Each structure stands twice: as structure tokens, then as C-alpha cells.
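The sequence and the structure are shown first, and the discussion follows.

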Amino acid sequence: MFKDAAAEYNRRVPGTPRFVEVRNSLFLGSLFCFSFWALNSPVARPEAELVATKRFEAPVLTIRSRGAEGNKFGFEGGRVLKLKGTYHLFTSEMIGDPHWVKMKLAHWVSQDRVHWTRLATVAESSGDFSGKDPRAALWSPLPVYNPANNHWNLFYVAYQAAPDTAQQWLTNHEGRIWRAVSETPGVEGIGGPYTDAGVILQRGRDSDAWEGLQGTDSFFPYQVGEHWYAFYGSAHTEKIPISLWQVGLAKAPDLAGPWVRCTDQNPLTVEKRFIENPIVTKLDDGTFVAVYDTDEPNSIGYTFSEDGIHWSTGQYLLVQEGKGLWASEVRTPLGLIPEDKNSFTLFYTANEKVSGMKPDGNGINTTPGSMGLVEVRLRKR
């Protein structure tokens, strides 16, 4: 009964929280977002592009990797950072049944990008499938450093979960964005342990019309001058088939909030139909670039911004082709990692081609999620 929705959602995964949104000054916050938008012209067509210089012909992290024992459905989404020569991966592990509900958020490290060691479980979902637990499924752990207080913050999505119906996709719904803070100060505190500090964005009376039953499915904050902005996403999963996944911007004076939707410019027009999980990198020249999940085959999407607020129409980077086509579906980029000048490492999750895997109860592909790697260069046109 869920065949049409499965085809629509076969590529998507979410992530975020619970607590109370601070609602003070919401009108003034939205007005400021509108004023800034009105006084600044949209970004011009970018004069740069991302090109793949090396595509690895096999995944670098799979359910067969040492440390992945007990991980039934593999990896999806998250972020990779490079600190003092070590690569840190924070990712969602789809450890068991129900599919996309029983989850762990994990921290892995690597020195060479290919061999990975699992350090810790950051959090584990309840796996409750009754629709009652707001932390039934946990997704999309994204570490962000706050220089103001010298601590890492970890943003992630928490969902309620229930069996799907012919009308609604309920496996992950009412997503709420949680913020957790490392108990260890300094850059070296990226490993935590992390303590939850509450929900900082969720669906409610302040939501925009484009936000639906899915709740907030992604959230990535980045600093613009003295302020913080964040991409956040949602979809109307209360009606099947699901036609759009969109993103908007929110703004806050501090990483901890309060976060206010930039309603008058949302949703953004980077993509016409599908965009999810954008992760932002600020380049050496001050330009911002965001990589994101797209429905373009074998590719990830990206967009540029001169000011961090006005974003260009999306472009596409082909990450798999030819002998390197090991995935049945490319899913989520895990952020651009600066290496040499204008050169980057880009990790991404994708559904690995594995024969004999049966669909879950909703007919959705259960081939395991694995992590791939591509080397990227920024090229001026």
C-alpha cells in the first residue's frame, strides 16, 4: 500500500529534536530577515564550480568494516571534520528493526580516510514504534564548534515513529532539532561526552506553510559575521505521494538560540523539487558553499553564496561513474573538508549494491548504507 511513497522516499532520511522554542521577538526576527533580504540583491550566477579529481571505486566504510558489527542497515548522513590531521566522522547508524527507527549516533576516526575506527556511541534511539516517543529515531549528528564559549555543539534530529498508512509517511515524523554540548572544552573536546541542552527548533505555531508532518528534518548552523544562520528542512509527509522536500533559513544571535525562521525568504529556491541536509563551508575568499542531498542521479548538489544568506541555483557534482559505480543510490554528502588550496575531500553516504536484500515492510530499499569518498577541486570559470 506504500509503494508510491516508497518510490518517492526511497532516497530520503532526516534528523532532529524536543524542548521548547523561545518565541520572544519572533516578529522582530522575521522582520530583520526580511529587511536584510530586501536590501541585498540575490547572488549572481556563480563563476566557480566543483569538479571531481579522483573518485574512489569502492566504499571506505560499510557494515563489513571492523567496528560495524551489529549494524544491520548501515550508515546515513552526518558530518566529517578534519582536526590536526585526524578525520572525525559523526554519522547515523541504522542498527536494526524497525528500519530507519532503531538507531545509534556514532563517532568514528581515521588517519588516512580509508581505514576507520569506531570510538563511541554518542546516543541511541528507543526504537519505539507506537508514535508516542519523541526520541524513537535519532538522525543526522552534526558537530559545530562555538568559538564564543570554546565548546563543541552537536545538533541532531529526533523523531516520533509509527507504522505508515496509505495516506501518511509516519516512520519518521514530527522531527525536532536537539542541541547537545560537549562537556570537554576546546577543539579537542569534539569527542564529548555530550549533554543534551534541549530542543532548539520544531514544528509549531511559528512554522511556515511549507513545513509539514515530517517536522524539522535537518539543521546545519554556520556563522555570518556576528550572527548565526542555519539551513533547516521539512516536507509534507502527511500526504502521499510526497512531492517536495525544501529548505529554509533560520537566524539566531548565538549558536544556542533563540532561533527565528526567516519566513519572508523561505523556502529557498536552490532546488525546485528536492534538497535535504545542506552543510556549509566558508572558503578562503569569504564565499560560502553548501553541499546537499539531491535527486540528481549519482551526484550531490551544491550552491554558492557571497554573503551566507542569498544562495545560487543548485549545481551538481557527479561522484560515481564507470567502474566506480558501487552504489544503487547516492544519498547525503558529509561536508567539504579543505585540504590544499582549492582542494577538498568529500565523503558521502550511499546505498551499496548488494544482491539478495529484501525491502522492509513498506517496500523501501534496505540495501545497506555505506560511505564513499571523492576528491574535489574548486575551479573558476
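How many nonpolar, polar and charged residues does the lining of the largest pocket have, by class? The lining of the largest pocket has 15 nonpolar, three polar and three charged residues. The model discussed here is predicted.

## Overall composition

The chain contains two helices and 20 strands. It has 381 residues, of which 61% count as buried. The contacts in the chain can also be sorted by separation in sequence. Among contacts between residues at least 6 apart in sequence, 59% join residues at least 24 apart.

## The largest pocket

The largest pocket has a volume of about 440 Å³. Its lining is made up of 21 residues, and the closest to the pocket centre are Arg79, Phe220, Val280, Thr281 and Lys282.

At least two residues each come from β2 (75–83), β6, β10 (218–224), β14 (276–282) and β18 (327–338). In terms of residue class, 15 of the lining residues are nonpolar, while three are polar and three are charged.

A search of the whole structure finds two cavities of 30 Å³ or more. The second largest cavity has a volume of about 30 Å³. Its lining consists of Gly77, Gly78, Ser140, Leu142, Asn277, Pro278, Ile279, Thr332 and Pro333. Two or more residues of this lining are given by each of β2, β6, β14 and β18.

Strand β14 gives the most to the lining of the second largest cavity, with three residues. By class, this lining has four nonpolar and five polar residues, and no charged residues.

Four strands form an open sheet in the order β6-β7-β8-β9, with antiparallel pairing. Strands β6 and β9 stand at the edges with a single partner strand each, so one side of each is left without a neighbour in the sheet. From one strand to the next, the twist averages 25°.

Within this sheet, β8 and β9 pair in the antiparallel sense over seven bridges. Ala180 stands opposite Asp196 in β9.

## The sheet β14-β15-β16-β17

A further open sheet is formed by four strands in the order β14-β15-β16-β17, and its pairing is antiparallel. The edges are taken by β14 and β17 (315–318); each has a single partner strand, so one side of each is left without a neighbour in the sheet. Neighbouring strands of this sheet are turned by 30° against each other on average, direction ignored.

Strands β15 (residues 288–293) and β16 (residues 299–305) run antiparallel and are joined by five bridges. The bridge partner of Phe288 in β16 is Ser305.

## Backbone features

Pro241 is located in the loop between β11 (227–235) and β12 (245–252).

Positive phi values occur at Ser140 and at Asn150. Ser140, which is not a glycine, has a phi of about 55° and is found in strand β6 (residues 137–146). Ser140 counts as buried because its relative accessible area is 7%, under the 20% limit for that class. Ser140 is also one of the residues that line the second largest cavity. Asn150 has a phi near 65°, again in a residue other than glycine, and is placed in the loop between β6 and β7 (151–160). Its relative accessibility of 35% makes Asn150 partly exposed.

Terms used:
Residues are numbered from 1 along each chain as its sequence is written. This is a predicted model: local features need pLDDT of at least 70, side-chain atom pairs count only at pLDDT 80 or more; totals for chains, interfaces and linings use all residues. Side-chain values use heavy atoms; hydrogens and water are left out. Buried means under 20% relative accessible area, exposed over 50%, partly exposed in between (1.4 Å probe, protein chains only). On a 1 Å grid over the protein atoms alone, a cavity is a set of points where a 1.4 Å probe fits but cannot get out, and a pocket is an open set with protein on both sides within 12 Å along at least five of seven lines; lining residues have an atom within 4 Å of a point. Grid points are joined across faces, edges and corners, and a volume is the space filled by probe spheres set on the points. Ala, Val, Leu, Ile, Met, Phe, Trp, Tyr, Cys and Pro count as nonpolar, Asp, Glu, Lys and Arg as charged, and the others, Gly among them, as polar. Two strands pair if DSSP finds at least two bridges between them. Axes are lines fitted to C-alpha atoms, for helices over the stretch in contact, and angles run from 0 to 180 degrees between N-to-C directions. Contact means heavy atoms within 4.5 Å.
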